[in-house]
Amino acid sequence: MGLTKSEIFTEEQNKLALVAKAFGHPARIAILQHLFKLKSCVCGDLVNEIGLAQPTISQHLKELKTLSIIKGNIEGTSVCYCIDQDEWQKIKGLFMQFFEQDSLNQGECC
């Protein structure tokens, strides 16, 4: 993360920023929604479902897998993907803590 000086931020702040960046592309949101909807592994129909080229889908899957949001298993000549439920729970917890900060301070501002 060179120029962002990530070392001056907490591990939690860096993780939130990385996940938020991953959520910042509608194709990745569509992929995650499709995986949640199916509640099972997806092996090849993401191209048809999302409507993007295979290399583009592969790049988005790589980004999501790098953050451990999804996991993949090799089955024959294809890779099947699903949500990593343990990591998803951790991410939900991080974001819930972040979004609930406002409940700690209900005083007047400005």
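This is a predicted model: local features need pLDDT of at least 70, side-chain atom pairs count only at pLDDT 80 or more; totals for chains, interfaces and linings use all residues.

Trainee: How do the lining residues divide into nonpolar, polar and charged?

Mentor: Three are nonpolar, two are polar and four are charged.

Trainee: Now α1. How do you know that its length agrees with what a helix should span?

Mentor: Set the two values side by side. With 12 residues and 1.5 Å a residue, α1 should span 16 Å, and its end C-alpha atoms are 17 Å apart, so the two agree.

Trainee: Which residues of α1 are buried, and what covers them?

Mentor: The buried ones are Asn14, Leu16, Val19 and Ala22. Their cover includes α2 (26–38), α4 and α5 (85–99).

Trainee: What makes up the largest nonpolar core?

Mentor: This core has 20 residues, and those with the most contacts inside it are Ile31, Leu61, Leu64, Ile69 and Ile70. Two or more residues come from each of α1, α2, α4, β2 (78–83) and α5. The element that gives the most is α5, with four residues.

Trainee: And what is leucine 61 in contact with, leaving aside its neighbours within four places in sequence?

Mentor: Leucine 61 is then in contact with Ile31, Leu46, Ile70 and Tyr81.

Trainee: Next is histidine 34, in helix α2. Why is histidine 34 called buried?

Mentor: The cut-off for buried is under 20% relative accessible area. Histidine 34 has 5% relative accessibility, so it counts as buried.

Trainee: What does histidine 34 touch, not counting residues up to four places away in sequence?

Mentor: Histidine 34 touches Val42, Asp45, Leu46 and Glu49. Take Leu46: the C-alpha atoms of histidine 34 and leucine 46 are separated by 8.2 Å, and the two residues are 12 residues apart along the chain.

Trainee: Serine 58 sits in helix α4. Why does serine 58 count as partly exposed?

Mentor: Partly exposed is what lies between the two cut-offs, under 20% for buried and over 50% for exposed. Serine 58 is at 34% relative accessibility, and therefore counts as partly exposed.

Trainee: How far apart are serine 58 and phenylalanine 98?

Mentor: Serine 58 and phenylalanine 98 are 40 residues apart in sequence, and from C-alpha to C-alpha they are 30 Å apart in space.

Trainee: What makes serine 68 worth a look?

Mentor: Its phi is positive, about 65°, although serine 68 is not a glycine. Most residues other than glycine have a negative phi. Serine 68 lies in the loop between α4 and β1 (70–75).

Trainee: How do you know whether serine 68 is buried, partly exposed or exposed?

Mentor: The relative accessible area of serine 68 is 32%, so this residue is partly exposed.

Trainee: One more, glutamate 75 in strand β1. Why is glutamate 75 called partly exposed?

Mentor: Glutamate 75 has a relative accessible area of 46%, so it falls in the partly exposed class. Apart from neighbours within four places in sequence, glutamate 75 is in contact with Cys43 and Cys80. The C-alpha atoms of glutamate 75 and cysteine 43 are separated by 8.2 Å, with the two residues 32 residues apart along the chain.

Notes
Residues are numbered from 1 along each chain as its sequence is written. Side-chain values use heavy atoms; hydrogens and water are left out. Ala, Val, Leu, Ile, Met, Phe, Trp, Tyr, Cys and Pro count as nonpolar, Asp, Glu, Lys and Arg as charged, and the others, Gly among them, as polar. The expected span of a helix is 1.5 Å times one less than its number of residues. Buried means under 20% relative accessible area, exposed over 50%, partly exposed in between (1.4 Å probe, protein chains only). Contact means heavy atoms within 4.5 Å. A nonpolar core is a set of buried Ala, Val, Leu, Ile, Met, Phe, Trp, Tyr and Cys residues joined through side-chain atoms within 4.5 Å.
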